[in-house]
Amino acid sequence: MHQIYHTEGIVLSRTISGEADVFVTVFTKDFGKLRILAKGAKKINAKLAPHLDTLNRSEIAFVKGKRTTRLTGAITADYWREVKSDYNRLMAGFFAAELVDQLMEENAVSQKEYDEAVSFFYKLNSIANRKTQFMPYIFTARFLSLLGYHPHLEIINNETKLFKIGLHYGYDFLNKLDLSGVNLKKMRIITEKMLFEVARKELSFWKFI
């Protein structure tokens, strides 16, 4: 009999498999990123389906087979209602999920990175609307830093100063920052440098944030 594992995780993406099944990619607290088969989850009356929505934080149970990891249970822990009801928050959430999905290797336990992702979604769900647009840039800086990605910032200018302060103080930095379009542009410039020069990743949701 297969051992049943229990953990919690953020649903990063879903892929339809056949007529009724769904593969979900989940960034878990205890097992890193997993690709899990949810049998029958596409069906309208599937009990697990609501708990596997993209961006949910859910408590899950699964078994590991020789070729496939299979879901046996799931229940929503956090739905992030404000994130899913606001376009800018939702796009920021999808961007963060795609970034995690692209950069994390499967089955690599990553406690600090997981905690950072959960913290991001808590903050994104509660932060004032005018601060939402800055969130993906600060998350990118902090997440890449945890993974060991560090851009070359020898040139000291307004962009790099803003980036370093944001990286150090995190989302609390937004309480003191002038939330002008000028500063938003500066944050975008340095984040783009990190994504495309350091991490060498092109993310589909970049154009939506």
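Me: Why does Phe62 count as buried in this predicted model?

Reply: The relative accessible area of Phe62 is 0%.

Me: Why is Tyr5 called partly exposed?

Reply: The relative accessible area of Tyr5 is 23%. Buried would require a value under 20%, and exposed a value over 50%. Tyr5 lies in between and is therefore partly exposed.

Me: What makes the pair of Tyr5 and Phe62 stacked?

Reply: In general, a pair of aromatic rings is described by the distance of the centres and the angle of the planes. The ring centres of Tyr5 and Phe62 are 5.5 Å apart, and two rings pair if their centres lie within 6.5 Å. The planes of the two rings stand at 20°; planes under 30 degrees apart count as stacked, so this pair receives that name. By this rule the model has 14 aromatic pairs.

Me: Why can the pair of Tyr5 and Phe62 be said to tie together parts that are apart in sequence?

Reply: Tyr5 belongs to strand β1, whereas Phe62 belongs to strand β4 (residues 57–64). The parts that the pair ties together are therefore 57 residues apart in sequence.

Me: How do you know that Trp80 is buried?

Reply: Trp80 has a relative accessible area of 3%. The limit for buried is under 20%, so Trp80 is buried. Trp80 is placed in the loop between β5 (69–78) and α1 (81–84), and has a positive phi of about 55° although it is not a glycine. Ring pairs also link Trp80 into a cluster with Phe120, Phe121, Tyr122, Phe139, Phe143 and Tyr171.

Me: Which residues have the most contacts inside the largest nonpolar core?

Reply: They are Phe120, Phe121 and Phe139, in a core of 46 residues. The largest share of this core, 9 residues, is supplied by α2. Phe121 touches Ile10, Leu55, Trp80, Val83, Gly93 and Ala96, leaving aside residues up to four places away in sequence. Another core, of 12 residues, lies apart from the largest one and includes Val24, Phe31, Ile60 and Phe62.

Me: What makes the charged end of Arg35 count as sitting over the ring of Phe23?

Reply: The charged end of Arg35 is 4.2 Å from the centre of the Phe23 ring. The definition asks for a distance within 6 Å, together with a position within 35 degrees of the ring normal.

Methods: Residues numbered from 1 in each chain as written. Predicted model: local features only at pLDDT ≥ 70, side-chain atom pairs only at ≥ 80, totals over all residues. Heavy atoms only, no water. Helix = DSSP H or I, 4+ residues; strand = E, 2+ residues; numbered from the N terminus. Buried < 20%, exposed > 50% of the residue type's maximum accessible area, 1.4 Å probe, protein only. Core = buried A, V, L, I, M, F, W, Y, C linked by side-chain atoms within 4.5 Å. Contact = heavy atoms within 4.5 Å. Phe/Tyr/Trp six-rings, centres within 6.5 Å; stacked < 30°, edge-to-face > 60°.
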